[in-house]
Amino acid sequence: MMSGRRIGRLDESVEFCGPRSPFQRDYDRILFSSAFRRMQDKTQVFPLAKNDYVRTRLTHSLEVSSVGRSLGVMVGDVLLKKYSELNSAGLQVSDFGTIVAAACLSHDIGNPPFGHAGESAIQDWFRSPDVDGRYVSGRGMQDARQEDLKSFEGNAQGFRILTRLQFPSQVGGMQLSAAVLGAFAKYPRRSVVDLPGTGGISGKKFGFFYADEESFRQVAEVLELPEKADGAWYRHPLAFLMEAADDICYRIMDVEDGFRTGCLHFDEVRCLFEGVLDEPSLRRLDDIPSNKHKVEYLRAKAIDLAIREVVAVFLEREEAMLTGEFDDDLMSHVAHAAEFRAFKDLAREKVYSARAVVEVEACGYKVLGGLLDAFLAAIDDYASGGGKKASPKSKTMLRLLPEGSYREDLDFYERALVASDAVSGMTDSFALMMYQRIHGISLP
């Protein structure tokens, strides 16, 4: 479950010695990758925000990683005392924190431009009758391949980036450890699984594309993850902590961003925090002069409380996680579950539906659909004609794609993946600029 063996280099031995563990190396590889850096211009809640305080995917991921490290260290301190085999393997408390921190750092790395609306835009484009007839079911694409495209999933794209796209010339991509990839995988199943129901939180979505299933099978085998069915596994226990770190941050931070952008009043925000914090903590507000600093203080106290409650639930359920008996998100079981749910409800009501958010999300549908239309048409033209017969327009469009990303021998499914890889990897600003330029709306 805590293996440092690297996907793409499974034949190499792993030594847990020296100042830097395999998991610390994983963290550094993710942090310095171009895919991670691009998240500085990807939407968290407010697309193309002008307020430099508002979080992007990058700042959100850094905050989630910090919370995840605390969760991992606190859990690891207990587990190392409970399981002697973990000590025998040379693991340290810090390794638990680093594994979760690395998984958290990359948890949104596969998200397309314009936030979750970007996922919906890609899904809707592939589901449209014209596109479906031209490129998907009309080409005989079936089962998981077709569902991969019509239910495009940022988590699966993230696994693809980590294990293939970031270093495409290298087997295993970034060659991260199995433990970090296991903790990253919230939804360890393919898009189509032969089950009456997906079952549990780990089956809510899918976590890898059909093209990347072999890579995930290697991860599951090394970690000895319990298998639900062919193509579906139970989660790595530390994936529950990664999910909880994300839940803590987006519930609390999105409310803070809502306040800073004027979507929420201070009294609305304070009311939420009063539901989770004790009286001594709240009394300190009288000594803080400005409302924005009061919200920052309340946010810090609430995160600390949430971390302690999540750790308590994890330690109560960790044995059931190992067998697959527990398969739910931890935040639904903390002592203040209802109160923390109220943060999410208020954000959904007044922050996610803010006009500035909705307007740019609507723009994202047009932008991403237009880019997919242009790029997939060019890729399809190139591959269908063996490269040489592609039109001048297609050849021009292909020059805008990453070098080496397309070939003459790609099948229909692979062609569609090249297009979705290119578009989902763009930042918000770059996607908008590229759309405007290829449609003659603006010039360099």
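Select helix 2 (34-37), helix 9 (154-165), helix 11 (213-223) and helix 19 (412-424): each gives at least two residues to the lining of the largest pocket. Helices here are DSSP runs of H or I with at least four residues, numbered from the N terminus. The model is predicted, so local features need pLDDT of at least 70 and side-chain atom pairs count only at pLDDT 80 or more, while totals for chains, interfaces and linings use all residues. Residues are numbered from 1 along each chain as its sequence is written, and side-chain values use heavy atoms, without hydrogens and water.

**Largest pocket**

Stay with helix 19. Its seven residues are the largest share of this lining. Now show Arg160, Arg164, Leu165, Pro168 and Asp421, which lie nearest the pocket centre among 44 lining residues. The space is about 1100 Å³. A pocket is an open set of points on a 1 Å grid over the protein atoms alone, with protein on both sides within 12 Å along at least five of seven lines; a cavity is a set where a 1.4 Å probe fits but cannot get out; lining residues have an atom within 4 Å of a point. Points are joined across faces, edges and corners, and volume is the space filled by probe spheres set on them. Colour the lining by class: 19 nonpolar, 14 polar and eleven charged. Nonpolar means Ala, Val, Leu, Ile, Met, Phe, Trp, Tyr, Cys and Pro; charged means Asp, Glu, Lys and Arg; the others, Gly among them, are polar.

**Second largest pocket**

Next, select His116, Lys205, Asp246, Tyr250 and Lys344. Of 36 lining residues, these lie nearest the centre of the second largest pocket. About 860 Å³ of space lies here. Helix 12 (237-260) is among the helices that supply at least two lining residues, and its six are the largest share. The classes are nine nonpolar, ten polar and 17 charged.

**Cavity**

Show Phe159, Phe184, Tyr187, Phe208 and Phe216, which are among the residues lining the largest cavity. Its volume is about 60 Å³. The lining has seven nonpolar, two polar and one charged residue.

**A helix pair**

Finish at helix 13 (266-274) and helix 15 (291-323). They pack at about 20 degrees, axes 11 Å apart. That makes helix 13 roughly parallel to helix 15 (angles under 35 degrees count as such).

Conventions. Axes are lines fitted to C-alpha atoms, for helices over the stretch in contact, and angles run from 0 to 180 degrees between N-to-C directions. Angles under 35 degrees count as roughly parallel, over 145 as roughly antiparallel, 65 to 115 as roughly perpendicular and the rest as oblique.
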